Amino acid sequence: MSQQVLWEVVKGNNAFLVKRNGLTLSTDPFNNTGVQTYGNTGFISQNAVGVVPTSGKTNQINNINLVARKSTKFQQVDRKSKNTQSVYASTLAVKHGVHTASRVIRKRFGTSRLGLQKAALRKLVNLNRSNAVRRRNEVAAAKAQKK
Amino acid sequence: MTSVPLVSVFSADDSTKVTAKHIPLPAVFQTPIRPDIVSFVHTNIAKNRRQAHAVNPQAGMQHSAESWGTGRAVARIPRVSGSGTHRSGQAAFGNQCRKGRMSLPIKVWRRWHRRVNIKQKRHAAASAVAATGIVPLVLARGHRISQVPQIPLVVEDKIESYEKTTDALNFLKRFGAFEDVQKVVSTKVVRAGISKQRGKKYRVRKGPLVVYFNENAKLLKAFRNVPGVEVVNVTRLNLLQLAPGGQLGRFVIWTQSAFAHLDKLFGTYRYASVLKDGYQLLRPLLTNPDLARIINSNQVQEKVQPAKTTTVLHEVQKKNPLRNTKAMDRLNPYARKQRAAAIAAIKANTKGTKKIKKNKALKKASRAAFNKVSAALNDATNAAVQEEQDIKVKYFSVQKGAAQAE
């Protein structure tokens with residue numbers, strides 16, 4: 001379904017839309033800037049990538065997941081894929097550092113949507129940094145406990 | 001659409017098993033998405049469930065109130081007759097008055113229902129059905145479909161024979177629809193306002209819509225008690241359920257026979273509908289609305305002029321003619337002559353005067369004089385400082401001597 005047509009349906013009202021303090025924001029997982037605009041709204045596009053912090057306890061060092069929007073001809077889950085799949089996205093867990101993740105983002109957006117690419121990379125970096133801080137604190141706490 | 005999209009039918013017991021691999025999508029799912037039609041039809045159809053109500057026609061009017069007229073230093077509003085109570089002499093009847101009747105009291109014969117053209121209703125329904133097959137729209141409506149194996153979700157007819165709610169629940173869990181049900185349960189909220197005292201205590205979200213075909217299906221009872229889930233027969237698809245609130249993209253679970261029945265119901269682009277007499281599906285204004293694809297298509301790119309590689313803002317770097325003589329000459333060719341004339345004039349003015357040559361001897365002499373003066377100054381300063389110190393020493397020694405003497 002064309003992104004333009006979907007935008008016309010969805011721009012006025014959608015589940016991710018948050019209007020507060022005169023700002024039009026979005027909680028869309030595929031939106032890396034948080035502001036709802038046509039280009040940013042990833043869930044209506046075919047090739048968006050969302051950088052999402054994972055919720056709950058995971059064994060990942062980084063609590064980041066990459067959610068890649070996918071377009072299939074018939075909207076089915078691809079069971080053969082190793083990644084967690086849903087009808088609208090495949091999820092890549094960012095486990096050991098951000099290199100694979102940044103590769104995925106760069107490949108997705110390539111030469112065309114550099115703004116989106118930058119936004120995704122920026123978010124990845126920021127989440128990674130906050131994770132580093134968290135891990136540092138955890139390690140320090142563990143050390144303190146040992147003592 | 002030259003290639004018809006295909007859809008799989010899932011086994012009711014196992015969400016990984018597919019009973020029918022590739023069924024063509026009914027043509028309804030290709031209808032243009034028309035939020036304008038859906039919104040219009042929805043706002044009107046939503047009014048059809050209203051029950052007439054009205055204000056008591058006598059409310060506020062059960063007085064023999066009369067205006068006191070002018071000359072009594074009160075407003076001319078009708079006032080309650082009689083005496084012996086606070087109420088007497090108070091204003092009555094007007095909408096602005098306390099205890100007065102409302103302005104334009106609601107009558108039972110208010111036009112509660114709206115009729116909508118059948119064609120519009122059908123187009124809206126078709127559009128709403130189409131929207132249930134588009135993942136972003138279902139997401140935008142707020143359904144939780146991350147675990148659902150396919151949109152549109154088509155399941156074999158076995159679920160129509162479910163009698164127990166546990167079967168229904170397990171089915172929903174198997175197909176990832178339970179997340180949506182959980183959303184409904186966790187967001188159940190006591191309604192704000194008086195309606196909670198009028199039988200509408202809770203505000204509950206909408207979950208999945210299960211669409212079946214066979215009239216004897218028992219699944220209605222099985223799914224009845226699951227919060228948020230609605231069950232409806234294909235032949236009685238309701239826009240208020242397909243697009244609740246006028247918002248397209250309900251999460252729908254179809255049974256196989258219901259899914260197959262859609263072509264007969266709405267017709268295809270080749271044949272008009274069988275069951276809706278003479279109804280033909282709406283055709284889109286643009287068969288290919290993807291702007292990016294159109295622009296990048298061969299047909300367009302062939303005709304388009306080659307892209308400009310450089311955008312030239314200025315031809316040449318701007319030079320300031322007031323400071324750059326060549327730039328000035330370019331603008332004003334006479335400037336050259338003006339400049340030459342100015343130089344000549346200066347020369348003419350300074351013709352008689354000699355140039356002052358630097359005199360080394362003079363320089364030396366002046367330097368010597370300066371040194372002499374500065375030396376003298378230094379000596380004087382030093383002498384003064386010394387004098388000061390002497391006085392100081394003398395003074396303190398006197399003091400000391402005095403102290404010692406004591």
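Modeller: A polar contact is a pair of N or O atoms within 3.5 Å; within protein, one atom must be able to donate a hydrogen and the other to accept it, and residues adjacent in sequence count only if both atoms are side-chain atoms. This is a predicted model, in which local features need pLDDT of at least 70 and side-chain atom pairs count only at pLDDT 80 or more, while totals for chains, interfaces and linings use all residues; side-chain values use heavy atoms, with hydrogens and water left out. Residues are numbered from 1 along each chain as its sequence is written, and chains are lettered from A and ligands numbered from 1 in the order in which they are written. Across the interface of chain B and chain A, four residue pairs meet the polar rule, both residues at pLDDT 80 or more.

Biologist: What makes B:D13 and B:K158 a salt bridge?

Modeller: Their closest N and O atoms are 2.7 Å apart, and the limit is 4 Å, so the pair qualifies. B:D13 sits in the loop between β1 and β2 (18–24) of chain B, and B:K158 in the loop between β5 (153–155) and α4 (165–174) of that chain, so the bridge ties together parts 145 residues apart in sequence.

Biologist: How do you know which residues of chain B are in contact with chain A?

Modeller: Contact means heavy atoms within 4.5 Å. By that test 30 residues of chain B touch 24 residues of chain A. Those of chain B divide into 18 nonpolar, ten polar and two charged; Ala, Val, Leu, Ile, Met, Phe, Trp, Tyr, Cys and Pro count as nonpolar, Asp, Glu, Lys and Arg as charged, and the others, Gly among them, as polar. Helix α3(B) gives the most to this side, with six residues.

Biologist: How much area do chain B and chain A bury between them?

Modeller: About 2200 Å², with 64% of it on carbon and sulfur atoms. Buried area is the accessible area (1.4 Å probe) that two parts lose on being put together, summed over both. In chain B, the residues that lose the most area to chain A are B:P136, B:L139 and B:A140, together 22% of what that side buries.

Biologist: Why are β3 and β5 of chain A said to stand at the edges?

Modeller: The open sheet of chain A has four strands in the order β3-β4-β6-β5, paired antiparallel. β3 (49–53) and β5 (84–85) each have a single partner strand, so one side of each is left without a neighbour in the sheet. Strands are DSSP runs (E, at least two residues), as are helices (H or I, at least four), numbered from the N terminus; two strands pair if DSSP finds at least two bridges between them. β4 (residues 64–69) and β6 (residues 89–94) of chain A have six bridges, so they pass. Within that pair A:R69 stands opposite A:A89.

Biologist: Which helix of chain A lies across β3 and β4, and at what angle to β3(A)?

Modeller: Helix α3 (residues 114–146), running at about 15° to β3(A). Axes are lines fitted to C-alpha atoms, for helices over the stretch in contact, and angles run from 0 to 180 degrees between N-to-C directions.

Biologist: What is the pairing in the open sheet of chain B?

Modeller: Mixed; its six strands have the order β2-β1-β5-β10-β8-β9. The edge strands β2 and β9 (230–233) each pair on one side only. β5(B) and β10 (residues 252–255) pair in the parallel sense over three bridges, and B:V154 has B:W254 as its bridge partner.

Biologist: What makes the peptide bond from B:I151 to B:P152 cis?

Modeller: Its omega is near 0°. B:P152 lies in the loop between α3 and β5 of chain B.

Methods: Salt bridge = Lys/Arg side-chain N within 4 Å of Asp/Glu carboxyl O.
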